[in-house]
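This report describes the secondary structure, the surface and the salt bridges of one protein model. The sequence and coordinates are shown first.

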Amino acid sequence: MFFPAGGQGMNLGIQDATNLGWKLAATLQDRVPDGLLDSYDTERRPAARAVIDNTRAQLALFAAVSPEQIALREVWSAALAEPQTNRQWARRIPASTTRSPPTPHPARTR
């Protein structure tokens, strides 16, 4: 499902593993309140949805074949040539900018 440009799917997976990993370890060691693992889906699902939407949009522009699709790709290409627009959209690459809500990470609460 994930378009390889930018490695968003890989970054998303690494973030997911990090989020779940410390929660599993802390839960198994009884170092966090009950229910912490329940926060995983709430925290990570929006990041996954954003990556999927971004990927679909990239694929649609990349695979443009109709005159309308090609025109849309050209308009986006011109817009992204503008530094301010480019920076704004670069921040939207979800797998590199999506942050999970704060949770009681055990290393920070010792």
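## Salt bridges and surface of the model

Helix α2 holds both Arg49 and Asp53, which are four residues apart, about one turn of the helix. Helices here are DSSP runs (H or I, at least four residues; strands are E, at least two), numbered from the N terminus. The side chains of Arg49 and Asp53 form a salt bridge at 3.3 Å, N to O, where the term denotes a side-chain nitrogen of Lys or Arg within 4 Å of a carboxyl oxygen of Asp or Glu. Both partners are partly exposed, Arg49 at 41% relative accessibility and Asp53 at 40%; the classes are buried (under 20% relative accessible area), exposed (over 50%) and partly exposed (in between), with a 1.4 Å probe and protein chains only.

The model is a predicted one, in which local features need pLDDT of at least 70 and side-chain atom pairs count only at pLDDT 80 or more, while totals for chains, interfaces and linings use all residues. Residues are numbered from 1 along each chain as its sequence is written, and side-chain values use heavy atoms, with hydrogens and water left out.

The protein comprises five helices and zero strands, in the order α-α-α-α-α along the sequence. Of its 110 residues, 24% are buried. Among contacts (heavy atoms within 4.5 Å) between residues at least 6 apart in sequence, 70% join residues at least 24 apart.

The salt-bridge count comes to four.

| Pair | N to O distance |
|---|---|
| Arg44 and Asp16 | 2.5 Å |
| Asp41 and Arg45 | 2.8 Å |
| Arg49 and Asp53 | 3.3 Å |

In the salt bridge of Arg44 with Asp16, Arg44 belongs to helix α2 and Asp16 to helix α1, so the pair ties together parts that are 28 residues apart in sequence. Arg44 is buried at 4% relative accessibility, and Asp16 is buried at 17%. Asp41 and Arg45 both lie in helix α2, four residues apart, about one turn of the helix. Asp41 is partly exposed at 39%, whereas Arg45 is exposed at 53%.

The accessible surface of the protein is about 7,600 Å², with 61% belonging to carbon and sulfur atoms; areas come from the Shrake-Rupley method with a 1.4 Å probe. Leu20, Leu24 and Leu37 make a nonpolar surface patch of about 200 Å². Patch residues have over 30% relative accessible area and no salt bridge, with nonpolar side chains (Val, Leu, Ile, Met, Phe, Trp, Tyr) joined within 5 Å and like charges within 9 Å. Leu37 lies in the loop between α1 (8-28) and α2 (39-62) and is partly exposed at 32% relative accessibility.
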